[in-house]
Amino acid sequence: TKDHVMLELARRINRRGARRLALIAVGEPELLEYLTGLVDLLIDEFGRVSDAGLNSELLALYVRRPSDLGEPLKDAPVINDELIGHLQSIRDRGGFRSTMSTEQLGVLVVASLFGILARVPRDSGVREAGHSLVELLVKGLQAED
């Protein structure tokens with residue numbers, strides 16, 4: 001079915017994305033560098049899906065609640081899980097302060113980035129929009145008391 005095709009694409013994106021996030025985190029980057037890497041990898045991974053309609057359907061799959069999916073992502077590492085773990089590591093190193101939990105922050109970051117991917121055409125500044133979002137988030141997190 002169409003859902004099965006979407007879930008398989010999501011599994012592939014998750015596996016590649018989680019591996020790339022782990023590689024980015026090896027050097028213990030600062031928050032800005034880490035989140036910029038996340039933006040770039042998401043744009044690259046979703047850029048592999050050349051059909052705009054299919055890409056939109058795939059993004060819609062990601063914004064659905066996990067309980068809404070008929071089939072879980074099985075054993076594929078999930079990008080958001082990697083993100084949360086690395087955000088916690090950056091927080092533990094003093095990279096940012098926030099009253100939000102890393103789980104809440106991870107949801108905010110991913111939902112915002114998927115919103116940009118869904119709304120900004122690839123050829124009209126999607127990378128710049130993602131990087132601007134990251135700069136805004138990092139400034140806010142570093143200023144928060």
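Helix axes are lines fitted to C-alpha atoms over the stretch in contact, and angles between them run from 0 to 180 degrees between N-to-C directions. The model is predicted. Helix H2 (residues 31-47) packs with helix H6 (residues 126-143) at an angle of about 155 degrees, and their axes lie 9 Å apart.

**Helices H2 and H6**

- Because angles over 145 degrees count as roughly antiparallel, H2 is roughly antiparallel to H6.
- The crossing of H2 and H6 is right-handed.
- H2 contributes Leu31, Leu32, Leu35, Thr36, Val39, Asp40, Ile43 and Asp44 to the contact, while H6 contributes Val126, Arg127, Gly130, His131, Val134, Glu135, Val138 and Leu141.
- Nine nonpolar, three polar and four charged residues make up this contact of H2 with H6.

**Helices H1 and H4**

- The axes of helix H1 (residues 2-25) and H4 are 8 Å apart, and the two helices pack at an angle of about 15 degrees.
- This angle makes H1 roughly parallel to H4.
- H1 and H4 form a right-handed crossing.
- From H1, the residues Ile13, Asn14, Gly17, Ala18, Leu21, Ala22 and Ala25 meet Ile79, Glu82, Leu83 and His86 of H4.
- The contact of H1 with H4 comprises seven nonpolar residues, three polar ones and one charged residue.

**Residue Asn80**

- Asn80 is part of helix H4, which spans residues 79-92.
- Asn80 counts as buried because its relative accessibility is 19%, and the cut-off for buried is under 20%.
- Leaving aside residues up to four places away in sequence, Asn80 touches Gly106, Val107 and Val110.

Notes
Residues numbered from 1 in each chain as written. Predicted model: local features only at pLDDT ≥ 70, side-chain atom pairs only at ≥ 80, totals over all residues. Heavy atoms only, no water. Helix = DSSP H or I, 4+ residues; strand = E, 2+ residues; numbered from the N terminus. Buried < 20%, exposed > 50% of the residue type's maximum accessible area, 1.4 Å probe, protein only. Contact = heavy atoms within 4.5 Å. Parallel < 35°, antiparallel > 145°, perpendicular 65-115°, else oblique. Left-handed = near helix turned anticlockwise from the far one by under 90°. Nonpolar A, V, L, I, M, F, W, Y, C, P; charged D, E, K, R; others polar.
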